[in-house]
Amino acid sequence: MKALLPVFCRPLGYFVIALGLFMPFLMVLMGRVTDGNLLFYKECSKLLMMMGALMIIFAWHKGETAETEKVRNSAVRNAMFLTVLYIFGGMLFRVWKGDLMSVDSSTFLIFLIINVLCLEFGLKKSSVDRLFKQKGR
């Protein structure tokens, strides 16, 4: 998977995720959240976090190589596997508790966050591997 966005979108993506994370708390402190608009702010927050995660995943990295593309592809594969395990575990937990009312509605956001974590881990691992290969020569 090739990068689609410029390099500055990666730190901007982390900023957008932080904004989406802290926006509800700021709105509560300013007295803007009511029972009528709570769902709106919740969904806006989730949407901001999704956009930030997509910006991180699709941003060009400094010194991007074919290895970076492989890391990005493996991050998506690992994130899919871990997300399915997470969703399955949540389903088993709800069945075990006999909870008929709750439903997991943030599956795509969970997938994207796990994908970002896998991507960052893979990039750091590949840079450490590259460093040890250079010292080993």
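## Where α2 meets α4

In this predicted model, a set of residues in helix α2, namely Lys-46, Met-49, Met-50, Ala-53, Leu-54, Ile-56 and Ile-57, meets Phe-108, Leu-109, Leu-112, Ile-113, Asn-115, Val-116, Leu-119 and Glu-120 in helix α4. Sorted by class, this contact has 12 nonpolar, one polar and two charged residues.

Two packed helices are described by the angle between their axes and the distance between the axes. For α2 and α4 the angle is about 30°, and the axes lie 9 Å apart. Because an angle under 35 degrees counts as roughly parallel, α2 is described as roughly parallel to α4. The crossing in which α2 passes α4 is left-handed.

## Glu-120, a charged residue in the contact

One of the residues of α4 that meet α2 is Glu-120, and Glu counts as charged. Glu-120 has its place in helix α4, which covers residues 107-135. Is Glu-120 buried or exposed? Its relative accessible area is 16%, and since buried means under 20%, Glu-120 is buried.

When its neighbours within four places in sequence are left aside, Glu-120 is in contact with Arg-10, Tyr-14 and Ile-56. Of these partners, Ile-56 is also listed among the residues of α2 that meet α4.

## How α1 packs with α2

Helix α1 (residues 9-29) packs with helix α2 (residues 38-58) at an angle of about 165°, and their axes are 7 Å apart. Since angles over 145 degrees count as roughly antiparallel, α1 is roughly antiparallel to α2.

The crossing of α1 and α2 is left-handed, and by class their contact has 17 nonpolar, four polar and one charged residues.

## Val-71 in helix α3

Val-71 has its place in helix α3, which covers residues 66-97. With a relative accessibility of 10%, Val-71 counts as buried, because the cut-off for buried is under 20%.

Which residues does Val-71 contact, once its neighbours within four places in sequence are left aside? They are Leu-119, Gly-122, Leu-123 and Ser-126. Among these partners of Val-71 is Leu-119, a residue of α4 that is also listed in the contact with α2. Val-71 and Lys-125 are 54 residues apart in sequence, while in space their C-alpha atoms are 9.4 Å apart.

Terms used: Residues numbered from 1 in each chain as written. Predicted model: local features only at pLDDT ≥ 70, side-chain atom pairs only at ≥ 80, totals over all residues. Heavy atoms only, no water. Helix = DSSP H or I, 4+ residues; strand = E, 2+ residues; numbered from the N terminus. Buried < 20%, exposed > 50% of the residue type's maximum accessible area, 1.4 Å probe, protein only. Contact = heavy atoms within 4.5 Å. Axes fitted to C-alpha atoms, helices over the stretch in contact; angles between N-to-C directions. Parallel < 35°, antiparallel > 145°, perpendicular 65-115°, else oblique. Left-handed = near helix turned anticlockwise from the far one by under 90°.
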